[in-house]
Amino acid sequence: MAVQISPSILAADFARLADEAAAVPNADWLHVDVMDYHFVPNLTLGLPVVEALRKATATPLDCHLMIADPDRWAPQYAEAGAGSVTIHAEAAKAPVRTLREIRAQGARAGLALNPATAVEPYEDLLPELDMLLLMTVEPGFGGQKFLDMVLPKVRRTRELVRRHGGRIWVQVDGGVDAETIGRCAEAGADVFVAGSAVYGASDPGAAIDELRAAATR
Ligand code: DX5
Ligand code: ZN
């Protein structure tokens, strides 16, 4: 399982997004948190910013849609050039169709689960998925405290994915830092989103190297 780090630009300076993307040349992905004031009590950015970012960096975009109507909007993020588009299980009404539309645009398709959402009901969806995102905080804001209660679900998800051939990535998002990342990796996560731990550091690139080392230990 190769470790991948996806720094969240939610913690970056929105007035200097191109520079902030350039500050993490060693990132595997750039995690883009799309929030709509409906699914979560916060508002961030949408398609025009994703289109602009796509041109400003060669790093693939990992779009995490925390929006109320992902069935309507998700395929457009894939069309805008996102390398990965993740929709929330709690919001999608037609996940099979939406995940297929994301893949049809050439992007990886992800399904996100809030801390209290179980993974087991989604087992039949695994063939439609390239990634499962397990929220390790309630979605909506950066800088929250990591929820240890999600670790057993990370373990169960890794086991489920293993039984289905091991192709699907397991991403954790929220409160991931040099201290919590080891427990996530040990439980079976292989893609790590980190906002404050990367962009809150004086050297974001070095922070990524540290996270990668801590996940591999
Ligand atoms: C929270 C977002 C996260 C957030 C993580 O709703 O989905 O991606 O940016 O930020 P940190 O790493 O600071 O918890
Ligand atoms: Zn996110």
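This is a predicted model: local features need pLDDT of at least 70, side-chain atom pairs count only at pLDDT 80 or more; totals for chains, interfaces and linings use all residues.
Alanine 94 sits in the loop between strand 4 (84-88) and helix 4 (95-104).

**The chain overall**
- The protein chain is built with eight helices and eight strands.
- Its radius of gyration is 16 Å, close to the 17 Å that the globule rule gives for 217 residues, so the chain is as compact as a globular protein of that length.
- Along the principal axes, the C-alpha trace spans about 45 × 40 × 30 Å.
- Some 47% of the 217 residues count as buried.
- If you take the contacts with a separation of 6 or more, 60% of them come from residues 24 or more positions apart.

**The nonpolar core**
- The largest nonpolar core has 69 residues.
- Leu65, Val85, Leu132, Leu134, Phe192 and Leu211 are the ones with the most contacts inside that core.
- Take leucine 134: beyond its neighbours within four places in sequence, leucine 134 is in contact with Leu113, Val150, Lys153, Val154, Thr157, Val170, Gln171 and Val172.

**What UniProt marks**
- The unreviewed UniProt entry puts the feature "binding site" at His31, Asp33, His64 and Asp173.
- Those positions span 143 residues in sequence, yet no two of their C-alpha atoms are more than 10.6 Å apart, so they gather at one spot.
- For "active site", the unreviewed UniProt entry lists Asp33 and Asp173.
- That pair spans 141 residues in sequence, but their C-alpha atoms are not more than 10.6 Å apart, so they too gather at one spot.

**A closer look at three of those residues**
- Histidine 31 is part of strand 2, and it counts as buried because 28 C-beta neighbours fall inside 10 Å, where 20 or more is enough.
- Leaving aside neighbours within four places in sequence, histidine 31 is in contact with Ser6, Pro7, Ser8, Ile9, Asp62, His64 and Val193.
- Aspartate 33 lies in strand 2 as well, and it is buried with 24 other C-beta atoms within 10 Å.
- With neighbours within four places set aside, aspartate 33 is in contact with Ser8, Leu10, Thr44, His64 and Met66.
- Aspartate 173 belongs to strand 7 (residues 169-173), and with 26 C-beta neighbours inside 10 Å it counts as buried.
- Aspartate 173, again leaving out neighbours within four places, is in contact with His64, Leu133, Met135, Thr136 and Val193.
- His64 turns up among the contacts of histidine 31, of aspartate 33 and of aspartate 173.

**Around ligand 1**
- There are 23 residues around ligand 1, and Ser8, Leu10, Gly142, Gly195 and Ser196 come nearest.
- Strand 2 (30-35), strand 3 (61-66), strand 8 (191-194) and helix 7 (196-199) are the elements that give two or more residues to this shell.
- By type, the shell around ligand 1 divides into ten nonpolar, eleven polar and two charged residues.
- Ser8, one of the residues that come nearest to ligand 1, is in contact with histidine 31 and with aspartate 33.
- Leu10, another of those nearest residues, is in contact with aspartate 33.

Methods: Residues are numbered from 1 along each chain as its sequence is written. Chains are lettered from A and ligands numbered from 1 in the order in which they are written. A residue is near a molecule or strand if its C-beta atom, placed from the backbone, lies within 6 Å of it. Helices (H or I, at least four residues) and strands (E, at least two) are DSSP runs, numbered from the N terminus. Ala, Val, Leu, Ile, Met, Phe, Trp, Tyr, Cys and Pro count as nonpolar, Asp, Glu, Lys and Arg as charged, and the others, Gly among them, as polar. A nonpolar core is a set of buried Ala, Val, Leu, Ile, Met, Phe, Trp, Tyr and Cys residues joined through C-beta atoms within 7 Å. A residue is buried if 20 or more other C-beta atoms lie within 10 Å of its own, exposed if 12 or fewer, and partly exposed in between; C-beta atoms are placed from the backbone. Two residues are in contact if their C-beta atoms, placed from the backbone, lie within 7 Å. UniProt positions are given in the numbering used here, feature names are shortened, and annotations may be inferred rather than shown by experiment. The radius of gyration is taken over C-alpha atoms; the globule rule is 2.2 Å times the number of residues to the power 0.38.
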